[in-house]
Amino acid sequence: MGAAIANSTELRHSAILGLGVYRPERVVTNDEICELIDSNDEWIQSRSGIKNRRFAGPEESVLAMAIESGRRALAASGLTGEQIGAVIVATSTYPVQTPPASALVADALGTGGAGAIDVAAGCAGFCYALGLASDMVRGGTEEHVLVIGVERMSDSTEPTDRSVRFIFGDGAGAVVVGRGDEAGIGPVTWGSDGAQGRAIRQEPDWVDFAENPTQKRPWIKMEGTSVFRWAAFEMGKIAQRALDRTGITVEDLDVFIPHQANARITEVIARSMNLPETVSVSNDIAETGNTSAASIPLAMEEMLRTGKAKAGDTALLLAFGAGLAYAGQVVKMPVLAES
């Protein structure tokens, strides 16, 4: 027999220690979006709940937004880059395949060579990454993990495509995950339905485009009705599974933060869960749009900044999107970075 492998048998509690976000400066109204698509402000608001969204400028790259949100999360947690053992970046819009965004973010934040992982799970990416970070801390792999959700969706949606252009926006949000005195992050409930993978897709792929450059460049395409039905009628079940795994009920919740995909989807999910009126429900989509993997941390920030939630509140996070992938967990709301 070979030598025994030493390993920690101690499971620790994990918690979100701090939150920081970055919202691009440019606010894009529905009226501006409608300059290039056949729609209007009233229709967009009635169908999605969106009034405005943010589009990133030339200097607000995926990396720049990720780094700034990470810097703010570190400040909120009272930690320095040297104390971060791993960086996980959830994104679908980082424009190069290599090097990974996480490695460049880790270097920019002065981690001294932290582990680096990029996660591409669409709109569920942040909750996937948070689940990974929580398990890393609980299992003793790392003391502190920086998790970032960041997107430039404005680069991925065709400006004249009426079905998707009005939905998406840009931004970044980050949290630091570390040890907690009590459980601050519940077990992740996740999964996917690849049979419906074409419901949200990039078309064509980049290799096809390179070989046939006269065709349209790749853009995100979405079957809106299919996605709506799937999310509205399946995510309530997933939310309940996440609650059951944590051992709490909807009456124990203070806050519900679903992925900001569509205000009508949020309403249907909340009704299917029989959420009490005492539970605050995020509606960051009205001013931010759908920011994919950045959606959940941006929505958390809006709830804390506006006083709809406070640090220590019990919140259910629920994300869903391309894949079709989903993930959710119960968390204690973190401390917000000072603006």
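W206 and F209 both sit in helix 6 (residues 206-211), 3 residues apart, or about one turn of the helix. Helices here are DSSP runs of H or I with at least four residues, strands are E runs of at least two, and both are numbered from the N terminus.

A word on the background: this is a predicted model, where local features need pLDDT of at least 70, side-chain atom pairs count only at pLDDT 80 or more, and totals for chains, interfaces and linings use all residues. Residues are numbered from 1 along each chain as its sequence is written, and side-chain values use heavy atoms, leaving out hydrogens and water.

Rings of Phe, Tyr and Trp (its six-membered ring) pair if their centres lie within 6.5 Å; planes under 30 degrees apart are stacked, over 60 edge-to-face, and the rest tilted. By this rule there are 3 aromatic pairs, including these two:

| Pair | Centre to centre | Angle of planes | Type |
|---|---|---|---|
| W43 and F166 | 5.5 Å | 75° | edge-to-face |
| W206 and F209 | 5.8 Å | 85° | edge-to-face |

What does the pair of W43 and F166 tie together? W43 lies in helix 2 (residues 41-48) and F166 in the loop between strand 6 (144-152) and strand 7 (170-179), so the pair links parts 123 residues apart in sequence.

Buried means under 20% relative accessible area, exposed over 50%, and partly exposed in between (1.4 Å probe, protein chains only). F166 is buried at 6%, while W43 is partly exposed at 22%. W206 is partly exposed too, at 46%.

Charges meet rings as well. A charge sits over a ring if NZ of Lys or CZ of Arg is within 6 Å of the ring centre and within 35 degrees of the ring normal. R162 lies over the face of W43, 4.4 Å from the ring centre, and R217 lies over the face of W219 at 3.9 Å.
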